[in-house]
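Biologist: I have a structure open and want to learn to read it. Where do we begin?

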Amino acid sequence: KREKTKGNGGRRMEGIATPAFVVNRRKLEANCQRMLTWTRERGVKLRPHIKTHKTLEGALCQLKGTTDKNAFASLDVSDGICVSTLGEMRFFASSGHFHNILYAIPLSTHKINLAHSLQSSFPEAKLHFAVDNEEVVQAIGEFARSNNSKWSLFLTINSGGNRCGCDVSQGGERGSFLSIGKLIKNLVDEQVVDFQGLYTHAGHSYHQSSPGSLEKVRVDECLIIHETAKKMEEEIGLSSPNTSIGSTPSISYPSPEDERFQKVTEVHPGNYLFYDCQQAQIGSCLLDEASCFVLASVISRYPSRNELLLDAGALSLSKDTRPLADP
């Protein structure tokens, strides 16, 4: 018997061409409202990452808890987002709704011209760029002097994910946070850079398998970014107005209040508006809180193998993991 499933708003799924990505608006808004409440109760700003969905409506919901387009009018420069590509930065800036955008991947030297063109194209927006090595900071300084431009920078530090970010364990050696920080401080003194603070992403939270290990990731993030900011101010006189941490697993899991978290000014999770099987497996959410799914059609049945053939293959499903097995 074929089930006539209704989607949000009563729309039946039968007429939708498959494979299709389907979003439950009610669950989407509930996930976003929960995160907004979480950050508000802890007195930190939410700068959501938009790379999971790449949509104006998704970003609006992350910032305001609703997909009602009338809420776009309430967005202002205090509502920040993170992006992973300069194309995403252009898309969101050109919408006219988003005025505070951080390119959260460390900028490379060959993208400095493109980054500057975005600044020139959207002078009313606050466009920030992450850096994590001396070469790009020096190149930005040279570019700024020759082009009479000013840059807004975050320094990315490595808090255990080991994907990007400068080393916080070294002293003043080349590649360390102090070495890069000194270069940034010189550019701040030259008034060609506005230093926004420190940024770190706990990508290793996705590899944890227990609530305790997830909590440890977040506590470590808080401690590392706080100690790094403290050392930079004490040793080279560079203060960090913002200390930005977070990933969906490390921020989503409920935990006891920790005074060390109060040293953080903002968090930047992204996947939480959708959630998925992987997030449920590691404890970020309940599987029922996932707000999206892939709708597929059964092409054929093979009773002898107890298998089905669907029209949603690896291109539709490869980024997801299997649901937890029933106990």
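Modeller: Glu227, Glu233, Glu234 and Glu235 form a surface patch of negative charge. The model is predicted: local features need pLDDT of at least 70, side-chain atom pairs count only at pLDDT 80 or more, and totals for chains, interfaces and linings use all residues. Residues are numbered from 1 along each chain as its sequence is written, and side-chain values use heavy atoms, with hydrogens and water left out.

Biologist: What makes a patch?

Modeller: Patch residues have over 30% relative accessible area and no salt bridge; like charges are joined within 9 Å, and nonpolar side chains (Val, Leu, Ile, Met, Phe, Trp, Tyr) within 5 Å. A salt bridge puts a side-chain nitrogen of Lys or Arg within 4 Å of a carboxyl oxygen of Asp or Glu.

Biologist: Why does Glu233 count as partly exposed?

Modeller: Buried means under 20% relative accessible area, exposed over 50%, partly exposed in between (1.4 Å probe, protein chains only). Glu233 counts as partly exposed because its relative accessibility is 49%. Glu233 lies in helix H7, residues 211-236. Lys216 is also placed in helix H7. Lys216 has 51% relative accessibility, so Lys216 counts as exposed.

Biologist: Which way do the residues of strand S8 point?

Modeller: Helices (H or I, at least four residues) and strands (E, at least two) are DSSP runs. In S8, residues 242-245, Asn242 and Ser244 point one way, Thr243 and Ile245 the other, and all are buried.

Biologist: Which strand pairs with S8 over three bridges?

Modeller: Pairing needs at least two DSSP bridges between two strands. Strand S7 (residues 193-199) pairs with S8 in the parallel sense over three bridges. Gly197 stands opposite Asn242. S8 and strand S9 (residues 266-267) run parallel, joined by two bridges. Val267 in S9 is the bridge partner of Ile245.

Key. Areas by Shrake-Rupley, 256 points an atom, 1.4 Å probe, with all protein chains shown as cover. Lys, Arg positive; Asp, Glu negative; His and termini not counted. Charge placed at Lys NZ, Arg CZ, Asp CG, Glu CD.
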